Amino acid sequence: MKRWGWVMSLAIISGLVLSACGQSKEAASLGAASITVKIGILKNVTHAPGFIALQNNYFQQAFGANAKIEVTSFDNGADFATAMATDQLDLGYVGPGPVINQYLKSKNIRVISGVNNGGAVLVARKDAGIRTVKDLVGKTVAVAAKGGTPDLSLRSLLQQEGLKVSTDASGVQIVTRAPADTLVAIRQKEVDATLIAEPWGTQIIQEGTGTILVDWNKIPPKDGNYPLTILVANDKFLKDHRDLAKKAVKANKQGIDFIQQNPDKAYELISSELKVLTGKGMEPALIKAAIDHLKLTQDITLADINEQAKISFDAGYLKVKAEELDFSKFLDTSLLDEVKKEK
């Protein structure tokens, strides 16, 4: 009887140990389910769907309670692209130009959705004697960054008009200035014009120092219907967390839908996110001007990418052979296609 009792006690103890081990494994499993998703975004109003997705917690809701979201903001697309290629970011919002260049170097970034098209204007300083694009000869035009989307659009526009880019008065001189610095440069007559993303163009107009030379819906390529902001992810994140990448595409769509359906509320939220990212909000009227001067859309095609890549290649920004300009794997709309089918 005593021996039977000893056996029963041993069985109970063993059961408790196994149960504890099982609970420990379950707890470890739950801990392993947690993940940090690193999202990058530029401090531009043209990234508005991303601002809304962050402000309304669309990403958090989509990823789940075990996900921690880290947001890093950037002043330019080049720094964003480098961070994406070196696994400092998992996904985020950027212009096509910088990531096209980075993709040709690292081949580990994919475009997974469009965000918006257009959204930039060509503004001339009022007293610069510029009435048409051809008057830009001998003038200085500012863009935010070499190889950025406005820079590529400007080069395309000049080519259409038969004008050349030069470093002297024989052509159009292109210089780089951050948008805020461009406003100052226009005021101080350091530059004659700028092709600049909204709402900076509207701000120059409102303060009376410039006039619109070419409006957003006439800017090449395709009269403003070109990708200005896109959603990208790196290969490692797509391989390891395809389900989360798909949820990010959905969250981006929610951001687009919210702006279209609740514009006034959206302006407030966009200003709030700008304050988070930069320490300063923006007047709703300026945000409205930016949103009104672009087309919110998830759609993006390989032809869109190829067109911008060709302009960048012709400008000498892409240091590859022409036959290496293959972006068939750079654009991956499989997740976007799935999201659309689930509507």
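Me: Let's start with E3 and E10. How many bridges join them, and do they run parallel or antiparallel?

Reply: In this predicted model, strand E3 (residues 91-94) and strand E10 (residues 227-234) run antiparallel and are joined by 4 bridges.

Me: Nice. Which residue does Leu 91 stand opposite?

Reply: Leu 91 faces Ala 233 in E10.

Me: And the sheet they sit in, what's the strand order?

Reply: The order is E2-E1-E3-E10-E4-E11, with 6 strands forming an open sheet and mixed pairing. Strand E2 (67-74) and strand E11 (294-296) are at the edges; each has a single partner strand, so one side of each has no neighbour in the sheet. On average, neighbouring strands here are turned by 25° against each other, direction ignored.

Me: Which strands does helix H4 lie across?

Reply: H4 (residues 77-85) lies across strand E1 (35-42), E2, E3, strand E4 (109-118) and E10. Relative to E3, the helix runs at about 160°.

Me: Which element gives the largest share?

Reply: That's H5, with 5 residues. By class, the lining of the largest pocket has 22 nonpolar, 18 polar and 7 charged residues.

Me: What about the second largest pocket, what's its volume?

Reply: Its volume is about 240 Å³. Among its 13 lining residues, Arg 155, Ser 156, Gln 159, Ile 311 and Asp 314 are the closest to the centre. H6 gives the most to this lining, 5 residues, and helix H13 (302-314) supplies at least two.

Me: How does that lining divide by class?

Reply: Into 6 nonpolar, 3 polar and 4 charged residues.

Me: Why does Ile 205 count as partly exposed?

Reply: Because its relative accessible area is 30%, which falls between the 20% and 50% cut-offs.

Me: What is Ile 205 in contact with, beyond its neighbours within four places in sequence?

Reply: Val 123, Gly 210, Thr 211 and Ile 212.

Me: And how far is Ile 205 from Gly 92?

Reply: C-alpha to C-alpha, they are 31 Å apart in space, and 113 residues apart in sequence.

How values were computed
Residues are numbered from 1 along each chain as its sequence is written. This is a predicted model: local features need pLDDT of at least 70, side-chain atom pairs count only at pLDDT 80 or more; totals for chains, interfaces and linings use all residues. Side-chain values use heavy atoms; hydrogens and water are left out. Buried means under 20% relative accessible area, exposed over 50%, partly exposed in between (1.4 Å probe, protein chains only). Contact means heavy atoms within 4.5 Å. Two strands pair if DSSP finds at least two bridges between them. Axes are lines fitted to C-alpha atoms, for helices over the stretch in contact, and angles run from 0 to 180 degrees between N-to-C directions. Ala, Val, Leu, Ile, Met, Phe, Trp, Tyr, Cys and Pro count as nonpolar, Asp, Glu, Lys and Arg as charged, and the others, Gly among them, as polar. On a 1 Å grid over the protein atoms alone, a cavity is a set of points where a 1.4 Å probe fits but cannot get out, and a pocket is an open set with protein on both sides within 12 Å along at least five of seven lines; lining residues have an atom within 4 Å of a point. Grid points are joined across faces, edges and corners, and a volume is the space filled by probe spheres set on the points.
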